[in-house]
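Try each task before you read the solution under it.

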Amino acid sequence: MLVKRLLCSYTKAFNRLHRAPSGNKNASTDYNVPTFEAIPSGRCFSSETNHPSDDGQKPVTVSLYQMKKTIKGASAILGESIEGPTCIQTVCPVCHIVPGAEAKTLADTIRRKIFVNKTTGNFTCSSCQYLGRWDHIEKFFPPQNRAPKTVQELRKLRDAFLELKGEHVGAVQPVPGDASLLDSIDGAREAIRCLHLENIIPETLITVKAHWHREKQELFIPLVDVEDRTIGYKALHVGADGEICERTVPEANASGLIYLRCSPGNAGSKAKDQSQTNAILVLNVLDLLALGSVKLNATAVCLPHGLKTLPQQCLPGLERFQRLTLWFNYDTAGWDTARNYAKKLDERRCLFVRPTDQHPTPYKVLLEETTEPKAILSKAQPILHQSITTFRALRQDVLSDLQNIDKVQGVKWKRYPTLNKLLKGHRKGELTVLTGPTGCGKTTFMSDYSLDLAQQGVSTLWGSFEIRNTRLAVTLLRQMVGRPLDENLAEFEQWADTFERLPIYFMTFHGQQPIKVVMEAIEHAQYVHDIQHVIIDNLQFMMGVLDEAKHLDRYWKQDAIIAAFRTFATKRNCHVTLVIHPRKERDSDELTTSSIFGGAKASQEADNVLIIQDKRLTSVRGKKYLQIAKNRYSGDLGIMPLDFDKASLSYAQRKKKPDGGDDGASPDSVAESTDRTVRRAF
């Protein structure tokens, strides 16, 4: 109750401090959610999956210049700030300054630091890893020339702020206490022998402070934060198939990394300096340990969640490195992830090991012993090319695409084998347009279409402007289960837990929204959650009916919106699907690419155009089917019958048994298959 009263007090004071300026009618409602959950109307997205609280997860409109100006203005009291590639490091003004009191000079050893992300404005506290928003902490920066009443309110806000930060300290996941620290060569050799880690030298396990659980035959390697504190760990054990299995604790948004300083070939100050400024980023512990066996002038760093995501809380731990070499899986998924991570890490300092058969991952290089890791690293190249390039610069990219042709084609659908034959797969960086007559089931099909991809690990952001997120989630859940849950409420908790593990996020917009606000939320979501698929349902709701837009040509405005999404898809390497209503035409006429509402830009810019043709109301034997009217990747066109199953709200194509009957899987087998698909995705 005490905490609740504190938080309620914070909310009231926070609202008084941020009164709406003149001309902004919506500002007074910008902070109606308690405890730092400031959700501006129509300005945010939310995740309904099992993720931490949304603190620090909302986009901000403050500019980088304004943040730098505020931090620099406090340098006389807090000291000089340090600007890195991705963050600005400064002393926390909340921990060390009491509003209305004289600032005291504090020793550097006890000064708690914060890292302000230059892209999102979110700050990470180095002492407790609390992730907050810039507008929550901005007001605490000196100078604080405020009235006494405001000072009292600031003190209340400060107390509530520190109370909330204190609650996040307990999120640390220490290494299990029954595991023993490997501090001897003999103990490390035992762990290596039990896990069958070929060619790994024992000293690397000692260097990373690994722990060994002899009874469970499990190896634990701690994840450390920017202050070198253990906040989680990675666990390795031998699976039933003899392969090494790896898991991360905590499972999501871990803020720690594993560092391994590789031994240089010859000791000296130059080698030492390079190991402090050069880093090689890998995705798993085996690759990290393999690099420990190589004489390199660099520090090997293992990311916490592999290809899944790179939390922004990890970025402060990489600030000290001037050059980052990303050595990921030699397939297209690893290459795409490397390019997305580079945008977070600052592309100017990133080099890449190109994904080809001649450049396998470090552990495979160590096992095969056919190529020297140093030789592979020497061929690492920056991803940024000049405005004009040559085939020689693109040669390795072309070879990578040819060697990984199946993966280049994209993620395959499990529910729609016909789409795999025609579209070949779901690829990043493309723009898809879906159209169809009113009431034909565009939203239902798109939810089924996106759920299939999300179950295979494709992070999806839903922007549904027509129906509310609760109703959309009900449809997605029913499609995943395959039957109505209102008749089987006892199973809801089990299926809801399974659905929470899917990487699906929802924007909280509803009704008419301006393109600028929507794009701000989408770009923020893609940066924070590594979104791979954005769905907008539908485009007409973004065209707006505001007074300032009434004099604009609707066709021109729609073209501008499509151009914005086309640029986003290409620049961020993210697939965008737009649902657009067609023009009002006669029911007897088939829809074509020319039937899409607006000008010709939608069909011109789109890589794929999908049209739902519904002939059930115009013909006795009329059918509903999906027509692939444009396919820029392979050029294959065709149709896919849409047979609706009302029980599951799904258009999934049923497999035929050898005798010609439908292969109707039992509910138990469907549940087991779905849960197995979710586990495989992560």
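One thing before we start: this is a predicted model.

**Exercise 1. Which residue in strand 21 is the bridge partner of Asp-537, and how do strand 20 and strand 21 pair?**

Start with the residue: Asp-537 has Val-579 as its bridge partner in strand 21. Now zoom out to the strands. Strand 20 covers residues 533–537, and its pairing with strand 21 is parallel, with five bridges.

Next, look at strand 17, residues 431–435. Strand 17 also runs parallel to strand 21, and four bridges join them. For a landmark here, find Thr-432, which sits opposite Thr-577 of strand 21.

**Exercise 2. Work out whether strand 21 is buried or exposed, taking one face at a time.**

One side carries His-575, Thr-577 and Val-579, and they are buried. Put together, five of the five residues in 575–579 are buried, which means strand 21 is largely enclosed by the rest of the structure.

**Exercise 3. Check the span of helix 20, then list its buried residues.**

Helix 20 has 15 residues, 515–529. At 1.5 Å a residue, the helix should span 21 Å; the end C-alpha atoms are 21 Å apart, so the two agree.

Now the burial, where the cut-off is under 20% relative accessible area. The list is Val-517, Val-518, Met-519, Glu-520, Ala-521, Ile-522, His-524, Ala-525, Gln-526, Tyr-527, Val-528 and His-529. That's 12 of the 15 residues, so helix 20 is largely enclosed by the rest of the structure. Step past the end of the helix and you meet Asp-530, with a positive phi near 55 degrees.

**Exercise 4. Where do the buried residues of helix 19 lie around its axis?**

First pick them out of residues 492–500: Trp-495, Ala-496, Thr-498 and Phe-499 are buried. They cover an arc of only 160 degrees around the axis, so they lie on the same side of helix 19. Then turn to the other side of helix 19, where Glu-493 and Gln-494 are exposed.

**Exercise 5. Describe how helix 17 and helix 18 cross.**

The axes of helix 17 (residues 442–454) and helix 18 (residues 469–481) come within 10 Å, crossing at roughly 55 degrees. Helix 17 and helix 18 are therefore oblique to each other. As for handedness, their crossing is right-handed.

Terms used. Residues are numbered from 1 along each chain as its sequence is written. This is a predicted model: local features need pLDDT of at least 70, side-chain atom pairs count only at pLDDT 80 or more; totals for chains, interfaces and linings use all residues. Side-chain values use heavy atoms; hydrogens and water are left out. Buried means under 20% relative accessible area, exposed over 50%, partly exposed in between (1.4 Å probe, protein chains only). Helices (H or I, at least four residues) and strands (E, at least two) are DSSP runs, numbered from the N terminus. Two strands pair if DSSP finds at least two bridges between them. The expected span of a helix is 1.5 Å times one less than its number of residues. The arc is that of the directions from the helix axis to the C-beta atoms. Axes are lines fitted to C-alpha atoms, for helices over the stretch in contact, and angles run from 0 to 180 degrees between N-to-C directions. Angles under 35 degrees count as roughly parallel, over 145 as roughly antiparallel, 65 to 115 as roughly perpendicular and the rest as oblique. A crossing is left-handed if the near helix is turned anticlockwise from the far one by less than a right angle, and right-handed if clockwise.
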